[in-house]
Amino acid sequence: MPHRTEAATGRASLSRARRIVLKLGTQVVLDAEGRPALSRLYGLMETVATLRRQGAQPVLVSSGAVGLGARQLGIQPEGLSQKQACAAAGQGQLMSIYQEGFARMGLCAAQVLLTEDDFADPLRHANLRRTLETLLELGAIPVLNENDTVSTLELERPSPGRRPIFSDNDHLSALVAAHLEADLLILLSDVTALHTRNPGLHADATPLAEIPFGADPQARLDGTSGRGRGGMVSKVAAARSAAAAGVPVVLASGLVTGVLDRILAGEPIGTLFLAAPRGVQS
């Protein structure tokens with residue numbers, strides 16, 4: 001594909017990334033009280049808008065709908081039906097933040113809600129690919145999320161005999177990055193980097209700056225997100241999946257001011273998962 005840069009071989013090459021998939025976790029989208037973290041989101045959107053104006057093709061994968069809906073409905077969702085109700089209440093608010101924010105920056109945000117069938121069914125997958133390519137060609141910012149209101153596989157364990165294609169937005173973003181042949185996937189959460197151990201539990205945990213493709217990260221993975229579904233195990237699995245498809249991945253904290261600019265400037269922030277060399281992707 002003509003948009004794709006050469007495979008990243010280190011931090012310095014990240015500045016050349018053109019098609020960038022950016023996943024924003026629930027902890028980035030919401031503040032500590034469960035409200036939209038508008039200042040943080042607008043800062044990230046400003047950088048995304050700048051990238052778009054410079055000729056890049058950013059794609060957002062955003063969590064947060066269930067959390068926003070839970071606050072609006074005044075509940076802590078229990079069970080599938082309540083989670084879906086919260087998603088229905090929160091998705092509109094989530095999308096309005098992106099649409100209003102990008103509109104102020106002269107850009108159009110386009111909502112794309114996905115289920116597993118959009119990837120499992122060849123016709124639907126082809127249609128999805130064409131839609132996303134067209135949106136990017138037209139200068140829009142696609143904002144993707146799981147369609148939790150109607151889908152059940154993403155909110156609960158799948159039924160026996162059916163293996164999930166994606167189980168959270170970490171895996172969804174990796175899948176989108178691979179299928180769009182992205183130059184870079186950035187996973188932003190409240191996690192600063194992959195550590196040798198859980199830094200919240202072990203003071204001697206050491207951050208890992210770079211993971212060569214195929215290497216064992218030598219990290220003990222435990223812990224889950226307080227509000228999102230994905231934990232460190234999910235993030236590392238998603239990162240390795242994208243890397244195997246030829247997409248380098250940066251795992252970093254979206255709570256850090258200017259994080260996107262710093263990543264693309266090649267600063268040693270977060271953990272970089274190096275991509276498989278071209279021609280050997282699985």
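Modeller: Of the 282 residues of the chain, 53% count as buried, where buried means under 20% relative accessible area, exposed over 50% and partly exposed in between, with a 1.4 Å probe and protein chains only. The model is predicted, and local features need pLDDT of at least 70, side-chain atom pairs count only at pLDDT 80 or more, while totals for chains, interfaces and linings use all residues. Residues are numbered from 1 along each chain as its sequence is written, and side-chain values use heavy atoms, with hydrogens and water left out.

The chain has 9 helices and 8 strands; these are DSSP runs numbered from the N terminus, helices being H or I of at least four residues and strands E of at least two. The part to examine is L24, which belongs to strand β1 (residues 19-24). L24 is buried, at a relative accessible area of 2%. Leaving aside neighbours within four places in sequence, L24 is in contact with V29, L41, L44, V61, S62, S63, Y98 and L188, contact meaning heavy atoms within 4.5 Å. One of these, L44, lies 20 residues from L24 in sequence, and their C-alpha atoms are 9.6 Å apart.

L41 and L44 are among the buried residues of helix α2, as are M45, T47, V48, A49, L51 and R52. Helix α2 (residues 38-53) has 16 residues and should span 22 Å at 1.5 Å a residue, which agrees with the 22 Å between its end C-alpha atoms; the expected span is 1.5 Å times one less than the number of residues. After α2 comes G55, with a positive phi near 100°.

Strand β1 itself sits in an open sheet of 8 strands with mixed pairing, in the order β3-β4-β2-β1-β5-β7-β8-β6. The edges are β3 (109-114) and β6 (210-211), each with a single partner strand, so one side of each has no neighbour in the sheet. Two strands pair if DSSP finds at least two bridges between them. Strands β7 (residues 249-253) and β8 (residues 271-273) run antiparallel and are joined by 3 bridges, with V249 opposite F273 in β8.

Two helices lie across β1. Helix α7 (residues 169-179) lies across β1, β2, β3, β4 and β5 (184-189), at about 175° to β1. Helix α6 (residues 122-137) lies across β1, β2 (57-62), β3 and β4 (141-146), at about 165° to β3. Axes here are lines fitted to C-alpha atoms, for helices over the stretch in contact, and angles run from 0 to 180 degrees between N-to-C directions.
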